Structure formats: C-alpha cells, structure tokens
Amino acid sequence: MGRCGPDPARPRTGRESSARVADDRHRCQPTDRKRPAAAAVAAAKYLAAKLSRGIPALAGEPIPLPAGVLKAALGELCDRLAEGGAGQTAIHIREAIENGSLEAGSLLTASLARDQAAIRAGATHRGLSADLVWLVAELAVCPVAFALQRTLVFDSRHEVLQNAVGQWSHGYCAACGSWPALAEVVNGHRTLRCSFCAAAWELTTYACVYCGQSGDGFVTAAPDAERKDRRVELCASCGSYLKTVDLPAISPFPLLSIADLETMDLDMAAMEHGYARPRSRTSSQFEGRGGLHPDRFEVLPRFLLDVFVQAVAVRIHRHNGGKILHR
Ligand SMILES: [Zn+2]
Ligand SMILES: [Zn+2]
C-alpha cells in the first residue's frame, strides 16, 4: 500500500381573523397554535443539551415509527435482494416478517436504535441470516433516519441547536451515533458522512475519527498509487480505518450507500492489512454516558409527531417511485 503522507484535506474551524367568534373553543385557537412552537423550542434546547454532553440527538429517544409503511418496504426489499442474488435467504426473511415470526415493528425500532446485537440475536434464533436482516431493516428505516436528522438536527432553525451542531467534535454522528461510512473531500473540506442517516459534518482536527489519534500512528494511504483521490485513513492505535475520496460535491442521501459500495476495494485493501471498521454503539450505550433529561418522554416525542408527517411522506414518495433507491 503506497503511503502518501499527510492528507491534503484541511480541517475547517468550527461554527386571527377579525370575524367575531361565539364559543370558547374558537377563542382558544391562538393559544393552541402556540403549543407546537413552544414544543419545538423546548425540543431544540433539549437536543442541544444532549449534544453538548456528546450524546447523539436521537439516542435513547422513544421514537414512534410508521411501521405499516415500513413493513411493506421490508417485503419489497427482500424481493429485490432475492432477485439480486440473495435468493432463498432473503425469501425466508420475508416469510418470517409476513407470518409474524419476525415482528416488523420491533425489528425497525431496533434498527433505528442501532441495536445490532438485538437484531443479530433475533435473526440467529429464527435461523435467518443476521447480516441480511440487519441490512434489510437498515435500508427500510434509513429514509426515516435521514428525515429525522435533517428536520430535527442539522437543518434546525433554532440557533441554540445550530450552535450545538456546529460545535460537534466527535467522529460519530450527532444525530444517530453511527460511525461515518466514509469521508468525502470537496474543495479541501473533509466531510464525514453518516453510514445510516447520511448526515454530513466536519471536524476541527485531522485525526482518527474513532479514537482521536493524530500522531505517527495515524496515516493516510492510497492503495492504488495511480488513484490518490481514493485513500484510506489508518490508525495504529485502535486498528480502524476510514475511506476518504475526493469528489466535486458531496453525495446526496439516496446515493451515499452506493458511494460506499463503489469504494469497496478500499475496504478490502484496509482489511487485508488488518484494519477494521468498528461497530457503532447502540442508543443505550450512549445513554449510559451521562444520562438524559428526565423530561425526554414528554418533550421530544410530542414534537416528533409533526416531524413524522414529513418522514412518512419521504418514504411514500420513494415507495411510489417503485425503486429501492433513486438513481
Ligand atoms: Zn447518523
Ligand atoms: Zn484510532
């Protein structure tokens, strides 16, 4: 593997009507209208406080999922995977979901919580491929995760939350806690891309995203000396790697998983040298790092109801498109 020294990427330092109304119900409308706004402000402050403690915004939250829509997506994904070569392995998963042996709601909730251990145990117990069950659930629920991270976190219009996101200095995603799939370097800016919700963020330091190592044990290498635009960051301290590619623009959400697949040769090169991508922590593991606000079950889910209208709309749009991924 050809070592090419320090990566050229440079870190960026961080950042009513006048008509009369006759009954009490109508007179109460202005007050009712204020509640969603107040809930949104409370949710933003609450999420900012979590981020300031290094806890991803969605970690540990009892987020309701549109299970009916997503269950249909699970079946469709199994069919596509079966057609694509997974065969009976994928068909068995579809059958388990349809006959209720594998409960779709629990599976999707575990996926959103990034609880790989629970999904693997459940799949193995039912004689199903754990890797394929994880993949199917992740593909089905990731559009919701994408809508949540955009609406709730990264595109928030609340300054307190914008500031908290701008100051996020961890290698894991500020929304869902997953590690990045890869780093996309555009005009010298090294942007980490979440492997689950497709969030995009930059760090103020150039170091291992997993352990923070920035010394001699952290190097950037190009497996193909002729393609120095495609690299891997290797860390001797934690034995992990991160793929890094130069691009004219960062990949849009539906295409990010394809970008991950397109760079599989970089995964192979790193793994051949003994490096690995660490497994993401589950929501509960983050919750264990300092605890959460005691009002979490009242503040955020109420606000989330509005957000889920958008999340479901995203999923239905894609479902109606008849494609698993836009191209
Ligand atoms: Zn994420
Ligand atoms: Zn490391």
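**Around tryptophan 134**

Let's start with tryptophan 134, which sits in helix H7. Helices here are DSSP runs of H or I with at least four residues, strands are runs of E with at least two, and both are numbered from the N terminus. This is a predicted model, where local features need pLDDT of at least 70, side-chain atom pairs count only at pLDDT 80 or more, and totals for chains, interfaces and linings use all residues. Residues are numbered from 1 along each chain as its sequence is written, while chains are lettered from A and ligands numbered from 1 in the order in which they are written.

Beyond its neighbours within four places in sequence, tryptophan 134 touches Gln116, Ile119 and Arg120, a contact being two backbone-placed C-beta atoms within 7 Å. Leucine 108 is 26 residues away along the chain, with 9.5 Å between its C-alpha atom and that of tryptophan 134.

Now for the helix pair. H5 (residues 104–112) and H7 (residues 130–154) have axes that come within 9 Å and cross at roughly 65°. On the H5 side, the contact uses Leu107, Leu108, Ser111 and Leu112, and H7 brings Ala137, Glu138, Ala140, Val141 and Ala145. Seven of these residues are nonpolar, one is polar and one is charged.

Stepping back, the protein chain holds twelve helices and seven strands. Of its 327 residues, 38% count as buried.

Key: Axes fitted to C-alpha atoms, helices over the stretch in contact; angles between N-to-C directions. Nonpolar A, V, L, I, M, F, W, Y, C, P; charged D, E, K, R; others polar. Buried ≥ 20, exposed ≤ 12 C-beta atoms within 10 Å, placed from the backbone.
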